[in-house]
Amino acid sequence: MSDQSDTTTQPDPDTVPGIPDAESLEPTKRTIAILGANGDLAKRLLIPGLGEVVDAARDISLQIIGAARTPQPNEEWRATVRASLEDAGIGARTVDALVSTTEFIPTDASDPDELRALLDACTGSPILYIALPPSAGRKVAEALAQIDLPDDLLIAIEKPFGDDLADAQALNAALAEVVPEERLWRIDHFLGNATVLGMLGLRFGNRLLEAGWNAEQIEKVEILYDEELGLEGRAAFYDQTGALRDMLQSHLLMVLALTAMERPDAVTPTDVHDRIAEVLGAVRLWKDDPSTARRARYTEGRVGDRLFPSYVDEPDVDASRETETLAQLLLQVDTPRWQGVPFVLRSGKGIGDPRREVAMHFRRSAAPTGLDAPDGHADTVLRMSLKGGAVHLDLIVTGADDVDGLRRVELEADPGAATLSAYAQVLAGLLQENTLLSVRGDIAEQCWRIVTPVVTAWAAGETPLEEYEAGSAGPTDW
Ligand SMILES: O=P(O)(O)OC[C@H]1O[C@@H](O)[C@H](O)[C@@H](O)[C@@H]1O
């Protein structure tokens, strides 16, 4: 539990969440070479995210190089970069600057000589951005280990970090041969989510909340990220990944870490990562029982005005793989702060009216008889939206005209929209060489350790794969 008497070491609410301020980015000349540049991620998230950072920083000088095995004419690549930036609403000046300097270099990412040539083509301080499937990351690292690398090289790698715990350990070991940890960014864009970052300020900037942030006051914690989106043409990635690996093993465990960790002395990468590693090290399945984890996939249904086919009828899906589109974990956090408190993590695709929030359910107060809460739930719920960042506090009050009748009212605090998207926030950290928003290697391994018993049980068919209609709220009896 934190030492509340020591106000000198409290994080300064003005600097929390401690993210790199885009305005203050040093005007370093950098080149980011993207391996896997022909993928959906580069076009949809990475290039727009870089555009956002450059747009906001103005003084940053960035060159983007696209790289992939299949050759692509420069003109075609430039048109792709332009469309990707313009679709994201990036300012014309930034679009022109980035398009005028970008080029495409065909590269076999497992060939040391071709990687050498790619790095030689970088006109600025090089960043090698690995946006490839997990199995390819290790091959890149092994190829890089065979060549002399520039001292100022930074490496970024997209999640999932490996396919399982052993693979993540092997990937980390291979990357450690190439660059030290402080020059390596494991990208998880949920760390750039305003709510996740804002957790430090909300928790530790309010004594009221800090005092109640424990098992004595909290009955249950829910971390939910349901989406209306379905497969969206991503079968090649998603059908081999599923909701557990895609969303819970990575993103939602990071949200849990920020929610449950102890107070860092300062908002520095080392302090924050140490607290994250410590709390994740204490996370286990509820009663160590893999059957507390549940899985399901959607069947045909209507989400808003879109008609979804059953997941198994989506293009390129292999029905025999039993890929789940919704996963739920029930976890315990074995620290003195959280003894006995269940943490529910859940994410599903094709959900109607989706909930995306962290909900802290406070224990019921012992209201005098006759002052019962209006429903069977805990008296007070603090809900932190993971889309938009608003915080809601559901309070129980006495009705104005009815002094013994209780009712629920909602207080809302909305910090307003962040300038940078979550993805861009993480990329800003990379361009500024601040690892605060990177997933440290030991943390990535902890995340795999936590889900491994579930992965094993599901692979052995020990947990039924249930079904829910697309557009519904998902299974309701869990
Ligand atoms: O809502 P956001 O910020 O796009 O994040 C959710 C996405 O996060 C990605 O990492 C997952 O691969 C997607 O499946 C998911 O839809």
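In this predicted model, a polar side-chain atom of Lys159 sits 3.1 Å from an oxygen atom of the ligand. Local features need pLDDT of at least 70, and side-chain atom pairs count only at pLDDT 80 or more, while totals for chains, interfaces and linings use all residues. Residues are numbered from 1 along each chain as its sequence is written, and side-chain values use heavy atoms, with hydrogens and water left out.

An N or O atom in the side chain of Arg234 is 2.8 Å from a ligand oxygen. For Lys349, a polar side-chain atom lies 2.8 Å from an oxygen atom of the ligand. The protein buries 80% of the 390 Å² that the ligand exposes when taken alone. A polar contact here is a pair of N or O atoms within 3.5 Å; within protein, one atom must be able to donate a hydrogen and the other to accept it, and residues adjacent in sequence count only if both atoms are side-chain atoms. Accessible areas come from the Shrake-Rupley method with a 1.4 Å probe; for residues, only the protein chains shown count as cover.

Which residues surround the ligand? The shell consists of Lys159, His189, Phe190, Tyr225, Glu227, Arg234, Asp246, Met247, His251, Lys349 and Lys387. By class, the shell has 6 charged, 3 nonpolar and 2 polar residues. In this count Ala, Val, Leu, Ile, Met, Phe, Trp, Tyr, Cys and Pro are nonpolar, Asp, Glu, Lys and Arg are charged, and the others, Gly among them, are polar. Helix α10, residues 242-260, gives the most to the shell, with 3 residues. Helices (H or I, at least four residues) and strands (E, at least two) are DSSP runs, numbered from the N terminus.

Lys159 also matters for the backbone survey. A cis peptide bond joins Lys159 and Pro160, with omega about -5 degrees. Pro160 is in the loop between β5 (154-158) and α6 (165-176). Most residues other than glycine have a negative phi, and most peptide bonds are trans.

Positive phi values come next. Glu232 is not a glycine, yet its phi is about 55 degrees. The loop between β7 (218-225) and α9 (235-238) holds Glu232. Lys287, also a residue other than glycine, has a positive phi near 50 degrees. Lys287 is placed in the loop between β8 and β9 (294-299).

How exposed is Lys287? Its relative accessible area is 63%, so Lys287 counts as exposed. Glu232 counts as partly exposed because its relative accessibility is 36%. The cut-offs are under 20% relative accessible area for buried and over 50% for exposed, with partly exposed in between (1.4 Å probe, protein chains only).

Now turn to helix α11. This helix covers residues 269-281 and has 13 residues. From first C-alpha to last, α11 reaches 18 Å, close to the 18 Å expected at 1.5 Å a residue. The expected span is 1.5 Å times one less than the number of residues. Buried in α11 are Asp271, Val272, His273, Arg275, Ile276, Ala277, Val279 and Leu280. An α-helix has 3.6 residues a turn, so residues three or four places apart point the same way. The buried residues of α11 pack against α10, β8 (283-285), β12 (326-333) and α13 (441-459). Contact means heavy atoms within 4.5 Å.

Arg275 has a relative accessible area of 18%, so it is buried. Leaving aside neighbours within four places in sequence, Arg275 is in contact with Met261, Glu262, Arg263 and Pro264. Its C-alpha is 8.7 Å from that of Leu258, which is 17 residues away along the chain. Ala277 is buried because its relative accessible area is 15%. Not counting residues up to four places away in sequence, Ala277 touches Arg440, Asp442, Ile443 and Gln446.

Thr435 lies in the loop between α12 (422-431) and α13. At 15% relative accessible area, Thr435 is buried. With residues up to four places away in sequence not counted, Thr435 touches Glu182, Leu184, Trp185, Pro269 and His273.

The last stop is Ala459, in helix α13. With a relative accessible area of 69%, Ala459 is exposed. Ala459 and Asp239 are 220 residues apart in sequence and 14 Å apart in space, C-alpha to C-alpha.

Note on methods: A residue is near a molecule or strand if one of its heavy atoms lies within 4 Å of it.
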